[in-house]
Amino acid sequence: MAKVAMTVNGRKVSKECEDRTLLVHFLRDTLSLTGTHVGCDTSQCGACVVHMDGKAVKSCSMLAAQAAGSDILTIEGLAANGELHPVQAAFKANHGLQCGFCTPGMVMTAVDMINRYGAKLDEQTVRENLEGNICRCTGYHNIVKAILAAAEEMGAAGRQAAE
Amino acid sequence: MYATSYHRASSVADAVKLQSASDEAKYVSGGMTLIPTMKQRLAAPSDLVDLRHVAEMKGISVNGSRVRIGAATTHYEVSSSAELKAACPAISHLAAHIGDPHVRHMGTIGGSIANNDPAADYPSAMLALGATIITNTREISAGDFFTGLFETALEEGEIVVAVTFDAPAKAGYSKFPNPASRYAMAGVFVTKAGDGSVRVAVTGAGSNGVFRHAGLEAALAANWSADAAAGVDIDATDLLSDLHGSAEYRANLVKVMAKRAVAAA
C-alpha cells in the first residue's frame, strides 16, 4: 500500500491503494468516479480513456501509481457550470450513442483529437483516431458526425474568442 | 494482476540501483505491453521500476543528419516532432501508425525495441536505418541487438537510454496491419543512404523476428523502384505461419509492402 496523490478534475486527491491498482479502479472504486468504464479488460476497447496531463490514455492499462503527480481529466470533469461540454452536446444532438457504454471513452477521445487537430478535422482523420475505441452497437457513423460537428463548433468558438 | 511494488526512477543510475535491489524487478516505460501482460498474469515482476520520468532518456535531437531519440520518448512525440519529420519522415510515419492514439501517448521507442515483439514496427526501422542502440553501459548496433522473438542482446538490468542513426537520403515504411490487433502482419522499412547502399528490414513476417532481406536489398541497390522490388522472389521458408496467414501469404505481403515502402520513400 502506498499513498497516491494526483489532481482529478481539478481537485487534489490523495488516497491509499495497492501498487498494483489500475488507474481505472482507483478512479471508480476509490474516488467513486464511475463514469470511466471498464469494457474489455484487454486494453483494446477504449471505454476507459481519460486524459493524463492533457493527453488521452487508457486508464485500464496503467497503474494509479504511474499517474501519481499528474493531472487527470475524466468524463465527470468535462461539463462546466451545469452546461454540457460541446462534444457531449454534439453526441446528444447527433445521436452519437446507443447503449452508451463506450460513450465516456468516445467523448474523451473526441476531445483529445479536437485538441490536437482543431477545426481542420476531417472524416478520415476522425475515423483513424477512433482506432482505439470500440462501439459494440456499431454506431460509428453518428459518433463521427458528432465529433465533426463539435470540432466545427469549438473551432468557431475559438475563432470568436480570438477576435 | 499479482502484487507488485512500484518505484519511480529519477535517473538512469537510480533505475539501475532500484532494479538490482530485487531478483525479479522489471523496468516499465509506457507499459503498453507489460501492464496488459501483468493483467493477464503472464508476467509477475515483484517490482516495477518506472523509467517514464527519467529526463536524460527523453527528447529528440537532430544535428545535421545525425538523429538521437531518447528511449523514453513516446510514439506521439516521435510522430509529431517537426525536426524529425524534416530529417526522416519515414520514422514519423511509422510512429504515427503504431497502435492507436492512446497507446501512442504512452508507449515509447525504448520500450518497443527492448521488448522486440516480432510484429512491432520500430525494430524494422532500427535495422534498416543501421541505428545504434545506446544503453547505460555500451553501444550496440541494431544488427547485433535484435536476436530473436522477444529476445535482445540486453543483459539483465541493462537499460536502453537512446537510439541514434544517420538520416538516410531516402526511407519509407509500409505495413499491412492485422485487421483486429493492428500489429504488422508484414511491415517493410527501406532506406537508401547517400552512398547508394540500400537496407531493407522486415517485421511481422519472420519466424525468428525482424530480419534484413538480401534479395530486396540487392534488387533495390541496382534499381531503386517499386518494379525492382516486384521482381524479387520472396522465399517463404523462414516466414511465420499462423491463424492470421500462411508463410506464402506473408511472402506476398512482404513484396507488396516493399513496393509500397519504396514508392513512399
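Tutor: Helices (H or I, at least four residues) and strands (E, at least two) are DSSP runs, numbered from the N terminus. This is a predicted model, in which local features need pLDDT of at least 70, side-chain atom pairs count only at pLDDT 80 or more, and totals for chains, interfaces and linings use all residues. Residues are numbered from 1 along each chain as its sequence is written, while chains are lettered from A and ligands numbered from 1 in the order in which they are written.

Student: Where is A:His95 placed in chain A?

Tutor: A:His95 is not a glycine, yet its phi is positive, at about 50 degrees. Its place is the loop between helix H2 (86-93) and helix H3 (103-117) of chain A.

Student: Why does A:Asp53 count as partly exposed?

Tutor: A:Asp53 lies in the loop between strand E3 (49-52) and strand E4 (55-58) of chain A. A residue is buried if 20 or more other C-beta atoms, placed from the backbone, lie within 10 Å of its own, exposed if 12 or fewer, and partly exposed in between. A:Asp53 counts as partly exposed because its C-beta neighbours inside 10 Å number 13.

Student: Which residue is the bridge partner of B:Ala25 in E3(B)?

Tutor: Two strands pair if DSSP finds at least two bridges between them. In chain B, strand E2 (residues 25-28) and strand E3 (residues 47-50) pair in the parallel sense over 4 bridges. Within E3(B), the partner of B:Ala25 is B:Asp47.

Student: How many helices and strands does chain A have?

Tutor: Along the sequence, chain A follows the pattern β-β-α-β-β-β-α-α-α-α. Its secondary structure comes to 5 helices and 5 strands.
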